[in-house]
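Hello,

Here is the structure I promised to pass on to you.

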Amino acid sequence: MRITTRIKKSKQMIRLVRPLELTSSDLIYPIFVREDGKKFGIPSMKGQSYLSLADAVKTCQQAVALGIPAVMVFGVLKAKDADGSAALKKNGFHGKIFKRLKKEFGEDLVLISNVCLCDFTVEEFCVYSKNGKVLNEKTAEMLGKIAVVHAEAGADVVAPAAMCDGQVRHMRAALDKAGYEDVSVMSYIKTDSVLFQPFFEAMTLSKEPRKGINSSKFRTDIVNEKMFMQKVDLDIGEGADMVIVKPALVNLDLILRVKQMHPTIPIAAYQVSGEYAINKLLSENAHVDEEKIMMESLNSIKRAGADMILTYHALEAAKLIRKGK
Ligand SMILES: [Zn+2]
């Protein structure tokens, strides 16, 4: 008689029959580096800290030692202006981060740059707008220019995050023109979600709610799989080397769908701030084992088809993987 528990006889038997296993090389750690150099806990993302540039080096050393191959860099500026002019400044802060990390780690760490206007503009929106109208071409062009600045400073991968039309095409063209043919474009495809909220709070300089164009306009309708897949197809058609499905938890089916429709394209999934917060809240308020919920959520994303996972749990997860948990 076939007994399904037979192949669960021991811990090693369970490991032996697994078709895939989460490894530290699947993980990408997002880091928040502050221009003002202050280091403190991020209020909306318990357990995560803002880093100074020197701290960022130490955190990256930790990541490398744990076998994590990549970081996603978010730069938190001291001041922003209407046009986001700091993005193109000579010796701008983002450039400084990439130069420093590249010098320190060379090929041992893949540096991924989040490219979006909200990092630089005072309105903190992902696109330029005028009288409530989105200036799509102006935005896409600017994203291309920012990508070149980051590539020049040492970013290996640029990740356009505004989700405006043609952003990948503009970025690829700008990189190629500037001689950065070897820099990859990893395109974010996001469904509209409240799970981004703790991250917005982490990246916003003021405590005021955001004004201007609602960026949910650019994210796809969570109900509409076709809308999401159309954006994936367009971005890959425009030259995206890799795509990021974001958030992960509510889009596990879409991760699988992208894998089926584009089997040759590396797929990342972003376990976003709200997902991270859910895991933290469960362990703090509902007696859930934090390590278990963390690994359960990451393994489900891997099983859905992600080749890479961006997660705030990266360091902790890599430590557990090392222990064979
Ligand atoms: Zn943005």
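**Surface and inner spaces**

Valine 223 sits in the loop that runs between helix H6 (197–203) and helix H7 (225–237); helices here are DSSP runs of H or I with at least four residues, strands are E runs of at least two, and both are numbered from the N terminus. This is a predicted model, where local features need pLDDT of at least 70 and side-chain atom pairs count only at pLDDT 80 or more, while totals for chains, interfaces and linings use all residues. Residues are numbered from 1 along each chain as its sequence is written, and side-chain values use heavy atoms, with hydrogens and water left out.

Valine 223 counts as exposed because its relative accessibility is 71%, and exposed means over 50% relative accessible area (1.4 Å probe, protein chains only).

Now to the inside. Two cavities of 30 Å³ or more turn up in a search of the whole structure. A cavity is a set of points on a 1 Å grid over the protein atoms alone where a 1.4 Å probe fits but cannot get out, and lining residues have an atom within 4 Å of a point. Volume is the space filled by probe spheres set on the points, which are joined across faces, edges and corners.

The largest cavity has about 190 Å³. Its lining has 20 residues, with Cys126, Ala161, Lys190, Phe199 and Phe200 closest to the centre. H6 contributes the most to this lining, three residues.

The second largest cavity holds about 30 Å³, and H3 provides the largest share of its lining, three residues.

Best wishes

Terms used: Buried means under 20% relative accessible area, exposed over 50%, partly exposed in between (1.4 Å probe, protein chains only). On a 1 Å grid over the protein atoms alone, a cavity is a set of points where a 1.4 Å probe fits but cannot get out, and a pocket is an open set with protein on both sides within 12 Å along at least five of seven lines; lining residues have an atom within 4 Å of a point.
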